[in-house]
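Student: I would like to go through a structure with you, one question at a time. Please show me how each answer is reached.

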Amino acid sequence: MVPKWGQFLRGRAAPKIMDASIDKSRLPKHVAIIMDGNGRWARSRGLPRAAGHHAGMVAMREVIRAADDVGIEAITLYAFSTENWKRPIAEVQYLWTLLEEFFKSDIDELVERNVRIVFIGNTNQLPDYTQGIVKRAIDLTRPNTGMVVQFALNYGSRAELVQAVRSIAEKVSRGEVDASCIDEHVIASELQTCGVPDPDLLIRTSGDQRISNFLLWQIAYTELYFAPEMWPDFKRNHFLEAIRVYSSRERRFGGLK
Ligand code: IPE
Ligand code: IPE
Ligand code: MG
């Protein structure tokens, strides 16, 4: 029986930021999120790490809803890295259980919202049952035309780049690609994120300011936003505040204003 820790979430006030304060013409199209701090959230409450992950799932649901409501086109959620296998097996298994719980409870709403679910990362290394959940979520939302929710599961940017380089090298050795024709587009098209534009905004919660092997190629010109809140405390209004900060920034891409 998986315990529920939802009662610890009730009554937490987040700063009031009205949607009206966001300049809709300067919204990020694609927001990527490193959902960090579940363990510390739990520890500070004397709870097991699993409780933090459960609360993190609740936060994830709220942020997906907020992103869809505000009109974000794509959101990428870092849920499990290639390095997270270093954690105790019980914690890793609990994360798969949570994923299953999330898709069971939320898939109908996501379908109703016209959300399309995609995955990056080597999901073929996940337990069979989890792979079934992944496949079902993709299949059920394939025809949808609304916001893309991209889950990074067993994702590592270096692993992704290694696979891309191998694939290109194989094409060159088969004579399908001329080495002199390899450019940024060719490399981007070999990445697992192919088809989804680079993130405009990357949010990391928990106060840690690092990238942890997430979308290294794709974030070349992404705006970075580090939030001090632990992920389970990151509510709709915190998300909207990140969007508001983004909309006030000036992006130059190496050029001049
Ligand atoms: C992020 O929270 C969730 C995953 C990496 C799966 P953590 O579990 O990393 O929480 P902290 O960083 O230990 O607080
Ligand atoms: C990054 O968080 C991965 C996810 C949020 C899934 P980690 O907690 O694994 O990152 P480090 O170890 O603090 O860099
Ligand atoms: Mg962490």
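Predicted model: local features only at pLDDT ≥ 70, side-chain atom pairs only at ≥ 80, totals over all residues.

Student: Which strand gives the most residues to the shell around ligand 2?

Tutor: The residues around ligand 2 include Tyr-78, Ala-79 and Phe-80. A strand covering residues 74–81 gives 3 residues to this shell, the most of any element. That strand is β2.

Student: How many nonpolar, polar and charged residues are in the shell around ligand 2?

Tutor: Ile-34, Met-35, Asp-36, Asn-84, Arg-87, Arg-204, Arg-210 and Ser-212 are among the residues around ligand 2. Asp and Arg count as charged, while Ile and Met count as nonpolar. By class, the shell has 5 nonpolar, 2 polar and 4 charged residues.

Student: How far is an N or O atom in the side chain of Ser-212 from an oxygen atom of ligand 2?

Tutor: A polar contact needs a pair of N or O atoms within 3.5 Å. The side chain of Asp-36 has a polar atom 3.2 Å from a ligand 2 oxygen, and for the side chain of Arg-204 the distance is 3.4 Å. For Ser-212 the distance is 2.6 Å.

Student: Now ligand 1. What percentage of its exposed area does the protein bury?

Tutor: Ligand 1 sits in the largest pocket. An oxygen atom of ligand 1 lies 2.9 Å from a backbone N or O atom of Gly-39, and a polar side-chain atom of Arg-87 lies 2.7 Å from a ligand 1 oxygen. Taken alone, ligand 1 exposes 380 Å², and the part buried by the protein is 87%.

Student: Which element gives the largest share of the shell around ligand 1?

Tutor: The residues around ligand 1 include Asn-38, Gly-39, Arg-40, Arg-49 and His-53. A polar backbone atom of Arg-40 is 2.8 Å from an oxygen atom of ligand 1. The largest share of the shell is 3 residues, and these come from α1.

Student: Is Asn-38 buried or exposed?

Tutor: Asn-38 is found in helix α1, and its side chain makes a polar contact of 3.1 Å with that of His-53. The cut-off for buried is under 20% relative accessible area. Because its relative accessibility is 11%, Asn-38 counts as buried.

Student: What is the phi of Asn-154?

Tutor: Most residues other than glycine have a negative phi. Asn-154 lies in strand β4, and at 2% relative accessibility this residue counts as buried. Although not a glycine, Asn-154 has a positive phi of about 55°.

Student: Where is Asn-213, which has a positive phi of about 65°?

Tutor: Asn-213 is not a glycine, yet has a positive phi. With 14% relative accessibility, Asn-213 counts as buried. Its place is in the loop between β5 and β6.

Student: Why does Leu-216 count as partly exposed?

Tutor: Leu-216 is in the loop between β5 (201–204) and β6 (223–226). Leu-216 and Leu-161 are 55 residues apart in sequence, with their C-alpha atoms 9.0 Å apart in space. Leu-216 counts as partly exposed because its relative accessibility is 37%.

How values were computed
Residues numbered from 1 in each chain as written. Chains lettered and ligands numbered in written order. Heavy atoms only, no water. Near = heavy atom within 4 Å. Polar contact = N/O pair within 3.5 Å; in protein donor to acceptor, adjacent residues only side chain to side chain. Helix = DSSP H or I, 4+ residues; strand = E, 2+ residues; numbered from the N terminus. Areas by Shrake-Rupley, 256 points an atom, 1.4 Å probe, with all protein chains shown as cover. 1 Å grid on protein atoms, 1.4 Å probe; cavity = no way out; pocket = protein on both sides within 12 Å on 5 of 7 lines; lining within 4 Å. Sits in = over half its atoms within 2 Å of the grid points. Buried < 20%, exposed > 50% of the residue type's maximum accessible area, 1.4 Å probe, protein only.
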